[in-house]
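Let's take a friendly walk through a protein chain, from one open space to the strands around it. Have the picture at hand as you read.

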Amino acid sequence: MEVPRLDHALSSPTSPCEEVIKNLSLEAIQLCDRDGNKSQDSGIAEMEELPIPHNIRISNITCDSFKISWEMDSKSKDRITHYFIDLNKKENKNSNKFKHKDVPTKLVAKAVPLPMTVRGHWFLSPRTEYTVAVQTASKQVDGDYVVSEWSEIIEFCTADYSKVHLTQLLEKAEVIAGRMLKFSVFYRNQHKEYFDYIREHHGNAMQPSVKDNSGSHGSPISGKLEGIFFSCSTEFNTGKPPQDSPYGRYRFEIAAEKLFNPNTNLYFGDFYCMYTAYHYVILVIAPVGSPGDEFCKQRLPQLNSKDNKFLTCREEDGMLVYHHAQDVILEVIYTDPVDLSLGTVAEITGHQLMSLSTANAKKDPSCKICNISVGR
């Protein structure tokens, strides 16, 4: 039997909860907090006969949904008409009270068979810790409710974006990518001390490190994928890398074919902005069969290296030719170590523009260009 869902409980005309919400009197009803406290004029009364949910189980967690089930004593079980579900972000757990006493609980559902799916991007965000508690309720003939005590409070964390969600981001990024410009090198800017450290402590090889938490909150590569950041954007008038950088005055340059070639796979990782007109696309280049390649295959949409809107590698007249998208800023993650002897390190002549740094930058959740219709 299909499991009923709280799919669009507060807005969908087909929602099983719509009739319930319409019948709730905002003037008469005052909800209990999780400790069972309520004012004297409350329209909700407690009745010990109603079973209290216990042994709550959360399963099938995605970035914007989960299934919930629990156990109940059989006594007066047939009196239950509705469930009240209090869902809060974990950082708010100290209050553990409804934010407004004169409105219905966040989630109201008819008493359907369990487990029940809770879904909704307006109250669920990816990779976020939540607390949840449940009451059973019995709707009376006058429209008021009798409720049980609150269950125990359960904690859980929502998941990352799936490939389906990342494909939605990919499609949005393709719309603004712009025409392709030719380039020949990847480059990485750092301070002189960084390169000195690589030479002294890592045998001249730059090592992959865990990606920070910049970009989309639900991106599966944040805090998990290990790699080395490179850029490939060029100046429109010169066709060469810009002389300014937010990351340091020393630049490592390497021929594009040494990182991106027929022996590597290309993946789409993220699309975001930081309250500016600039939009960033994160791509991942992984040597075929490497640990980074296996990580990406399970989590990221793979791109055709010869034909995509962001970064291409094609053979022309026996040589590999490279192009990058003009209207987005590409951040390329290479998942294997890179020896400095494969390229050159030199000081740039431009400025260090810290305002362009993306280190742990937060995505603008209100941008209509780079957000999708799931939790931010």
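How much space lies in the largest pocket? About 1,100 Å³ of space lies there. This is a predicted model, in which local features need pLDDT of at least 70 and side-chain atom pairs count only at pLDDT 80 or more, while totals for chains, interfaces and linings use all residues. Residues are numbered from 1 along each chain as its sequence is written, and side-chain values use heavy atoms, with hydrogens and water left out.

**The pocket**

Rolling a probe the size of a water molecule over the atoms shows where empty space is left. Here a pocket is an open set of points on a 1 Å grid over the protein atoms alone, where a 1.4 Å probe fits, with protein on both sides within 12 Å along at least five of seven lines; lining residues have an atom within 4 Å of a point. The volume is the space filled by probe spheres set on the points, which are joined across faces, edges and corners.

The lining of the largest pocket counts 45 residues, and nearest its centre lie S231, P246, Y247, I329 and L330. Strands that each supply at least two lining residues include β12, β21 and β22. β15 gives the largest share, 5 residues. Strands are DSSP runs (E, at least two residues) numbered from the N terminus, and helices are runs of H or I with at least four residues.

**A sheet around β21**

β21 also belongs to an open, antiparallel sheet of 3 strands in the order β11-β21-β20. β11 and β20 are the edge strands, each pairing on one side only. Two strands pair if DSSP finds at least two bridges between them.

| β11 | 180–183 | 4 bridges | F183 |

In the hairpin of β20 and β21, 2 residues sit between the strands, and D317 takes a positive phi near 55 degrees.

Is β21 mostly covered or mostly open? This strand, residues 319–325, is mostly covered, with 5 of its 7 residues buried. Buried means under 20% relative accessible area, exposed over 50%, and partly exposed in between (1.4 Å probe, protein chains only).

**The whole chain**

The protein chain has 4 helices and 24 strands. Of its 376 residues, 48% count as buried. Among contacts (heavy atoms within 4.5 Å) with a separation of 6 or more, 75% join residues 24 or more positions apart.
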